[in-house]
Amino acid sequence: MEYGKEIKKVLVCKERIAERVRELGEQISRDYEGESITLVCTLRGGCVFFADLIRAVRGDVEIDFIAVSSYGAGTKTSGEVKMVKDLSEPIKGKNIIVVEDIIDTGVTLSYLKKLLEAREPKSLKICSLLDKPSRRKVEFEGDYIGFEIENEYVVGYGLDFNQKMRHYPDVCVLAPEVYGG
C-alpha cells in the first residue's frame with residue numbers, strides 16, 4: 001500500500017505482522033494445551049490484532065471485549081483511566097489473555113490488570129502486538145509481545161491518530177508534523 005506524506009515510514013510490514021501473529025498463536029496454543037482460554041480484546045486499538053490472533057490460536061477459545069481509556073482525543077495519556085465497556089461474562093476461574101495493541105506508559109494496562117485480578121481468574125496474561133518500554137510510567141511487562149519498538153507515534157493495524165489510519169495494513173510511523181511532535 002502506498003501512503004501519503006502523513007507517514008514517515010513503514011515500521012513493521014503486514015507480512016512480518018502476519019508471521020509474528022502466527023508465532024504468538026502457536027505459543028499461546030502450546031501454553032494452554034488441553035485448557036480453555038478466554039481472549040479479551042481491548043477496544044478499539046486491539047481489534048485488528050485480536051481478529052488475526054484468535055484465528056491463530058488452537059483449542060477451546062472464548063472471546064470477550066473490554067474498553068478502557070486514558071487518552072481521550074489527545075496524543076498523550078491523561079493518567080486517569082476510565083472504564084468505557086466492561087466484560088460481558090464473569091471471569092472467575094478462567095484463563096484470561098488480554099489482547100492489546102500497544103503497551104505504552106503501562107498506566108492503562110496496570111489498572112486493567114488489577115481490576116481483572118480482583119475478579120479471581122485462574123490465570124491472567126497480557127498479549128500485546130507492540131511494546132514501547134522506553135515510555136513506561138509504571139512497572140509493567142506483557143507476557144506475549146509481538147514487537148518491541150522505539151518511542152515513535154505509530155498508526156495502522158488497529159492503531160490510530162484521532163480515530164483515523166486504523167485500516168492501514170502495516171504498522172507505520174506517523175510524520176511528526178501531523179501530530180505536532
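This is a predicted model: local features need pLDDT of at least 70, side-chain atom pairs count only at pLDDT 80 or more; totals for chains, interfaces and linings use all residues.
β5 belongs to an open sheet of six strands, and a second open sheet has three strands.

**The six-stranded sheet**

- Reading across the sheet, the strands come in the order β4-β3-β2-β5-β6-β7, and their pairing is mixed.
- The edges are formed by β4 (82–85) and β7 (144–148), each of which pairs on one side only.
- From one strand to the next, the twist averages 25°.
- On one side of β5, five bridges join the strand to β2 in a parallel run; within this pair, I37 has N95 of β5 as its bridge partner.
- β5 also runs parallel to β6, and here eight bridges join the two strands. To find the pairing by eye, look for E100, whose bridge partner in β6 is S128.
- Strand β6 (residues 123–131) and β7 pair in the parallel sense over four bridges.

**Helices packed on that sheet**

- Helix α2 (residues 47–56) packs on the sheet and touches β2 (37–42), β3 (61–69), β5 (95–103) and β6. The direction of α2 makes about 160° with that of β2.
- Helix α3 (residues 107–117) packs on the sheet too, touching β2, β3, β4, β5 and β6. Its direction makes about 170° with that of β5.
- Which residues of α3 are buried? They are V107, T108, L109, S110, L112 and L116, and these buried residues pack against β2, β3, β5 and β6.

**Where α1 meets α2**

- The axes of helix α1 (residues 14–31) and α2 come within 8 Å of each other and cross at roughly 50°. That angle makes α1 oblique to α2.
- The crossing of α1 past α2 is right-handed.
- On the α1 side, the contact is made by V21, R22, L24, G25, E26, I28 and S29; on the α2 side, by F49, D52, L53 and A56.
- Sorted by class, this contact of α1 with α2 has six nonpolar, two polar and three charged residues.

- Leaving aside neighbours within four places in sequence, R20 is in contact with I145, G146 and F147.
- E152 sits in the loop between β7 and β8 (154–155) and counts as buried at 17% relative accessibility.
- Not counting residues up to four places away in sequence, E152 touches K8, K9, L11, K132 and V173.
- E152 and P176 are 24 residues apart along the chain, and their C-alpha atoms are separated by 9.0 Å.

**The three-stranded sheet**

- This open sheet has the order β1-β9-β8, with antiparallel pairing.
- β1 (7–12) and β8 stand at the edges with a single partner strand each, so one side of each is left without a neighbour in the sheet.
- β8 and strand β9 (residues 171–174) run antiparallel and are joined by two bridges. In this pair, V155 has C172 of β9 as its bridge partner.

**Backbone details in the loops**

- Where does the chain have a cis peptide bond? Look at the bond from L43 to R44, where omega is near 0°. R44 lies in the loop between β2 and α2.
- Q163, in the loop between β8 and β9, has a phi near 70°, which is a positive value in a residue other than glycine. At 43% relative accessibility, Q163 counts as partly exposed.
- M165 is found in the loop between β8 and β9, and its phi, near 75°, is again a positive value in a residue other than glycine. M165 counts as buried, at 11% relative accessibility.

Definitions and conventions
Residues are numbered from 1 along each chain as its sequence is written. Side-chain values use heavy atoms; hydrogens and water are left out. Two strands pair if DSSP finds at least two bridges between them. Axes are lines fitted to C-alpha atoms, for helices over the stretch in contact, and angles run from 0 to 180 degrees between N-to-C directions. Contact means heavy atoms within 4.5 Å. Angles under 35 degrees count as roughly parallel, over 145 as roughly antiparallel, 65 to 115 as roughly perpendicular and the rest as oblique. A crossing is left-handed if the near helix is turned anticlockwise from the far one by less than a right angle, and right-handed if clockwise. Ala, Val, Leu, Ile, Met, Phe, Trp, Tyr, Cys and Pro count as nonpolar, Asp, Glu, Lys and Arg as charged, and the others, Gly among them, as polar. Buried means under 20% relative accessible area, exposed over 50%, partly exposed in between (1.4 Å probe, protein chains only).
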